[in-house]
Amino acid sequence: MRDSYLRGLLITTAGVLVLCPDALLIKMTGAMGPMESAFLRSVFMAMSWALMVRIKTGSFWFSLRSISRIGLLAGLLQGIDRLAFVTAVQTTTVANTLTIFAAVPAFAAVFAWFVLGERCGLVKSLAIAASLAGVIIICGSDLSATGLFGNSMAVISAVLYGVYIVCLRFSTKDEVLESLFLSAVFSAVMAFPFVDFTAGVAPMDLAIIAFQGLVLLPIGF
């Protein structure tokens, strides 16, 4: 049990380290609108995760057909979360977005308590309270229309990701990759009506987004 816990901790730490540059890279492509950026990221991610599902299961379409309702819900929540996260990064500071997003474990723990009955001890409860207090302080520190909107998007992203984690924990099947593929499809479909590429896409921006969608995000997640 101890070895399993340590392995999970190391994998989580590695994933976080890989994902660290993501918000900065989104900011670097700030000339592109959030919906355009989210759409292209989602398309590239869908391609990468489709390949991963195929390698993992040997049958891409069978895996998708057999996904559970919890897996579908997880994919939808993660798809909305992607749109909220990209919008947050492009409308508030990277520091605000990532500090608020760091409260994901707190939100997940609260939802896990209600849904799964997983109770937290005193130390974890105090940490959750401190995290949520920090979110409130950050959101209240910038009451301008743009800042409030961006911070709100970051809160929505953190809440949705917390629920997403609980959904995967609640599921009795190993369908993480399938739900991630569907999340990319959902976010691309939801962003598509709002995209406008009439001004074109800078080659460097496209290269950055392709790197995010094909390499950084799939490995990190």
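Ser 68 sits in the loop that connects helix H4 (60–65) with helix H5 (69–91). In this predicted model, the side chain of Ser 68 forms a polar contact with the side chain of Glu 175, at 2.4 Å.

Confidence was examined next. Mean pLDDT for the protein chain is 87. A value of 70 or more is reached by 98% of the residues. Helix H10 (residues 176–191) has the highest confidence, at 93. The lowest falls in helix H8 (residues 122–141), with a mean of 81.

Helix H6 spans residues 94–101. Its buried residues include Asn 96, Thr 97 and Ile 100. These three cover an arc of only 100 degrees around the axis, so they lie on the same side of H6. An α-helix has 3.6 residues a turn, and residues three or four places apart therefore point the same way.

The largest pocket was then characterised. Its volume is about 2000 Å³. The lining comprises 48 residues. Closest to the pocket centre are Thr 12, Val 104, Pro 105, Tyr 161 and Ile 165. By element, helix H1 (residues 2–19) makes the greatest contribution to the lining of the largest pocket. Eleven residues of H1 take part in that lining.

Conventions:
Residues numbered from 1 in each chain as written. Predicted model: local features only at pLDDT ≥ 70, side-chain atom pairs only at ≥ 80, totals over all residues. Heavy atoms only, no water. Buried < 20%, exposed > 50% of the residue type's maximum accessible area, 1.4 Å probe, protein only. Helix = DSSP H or I, 4+ residues; strand = E, 2+ residues; numbered from the N terminus. Arc of directions from axis to C-beta. pLDDT = per-residue confidence, 0-100. Polar contact = N/O pair within 3.5 Å; in protein donor to acceptor, adjacent residues only side chain to side chain. 1 Å grid on protein atoms, 1.4 Å probe; cavity = no way out; pocket = protein on both sides within 12 Å on 5 of 7 lines; lining within 4 Å. Points joined across faces, edges and corners; volume = space filled by probe spheres on them.
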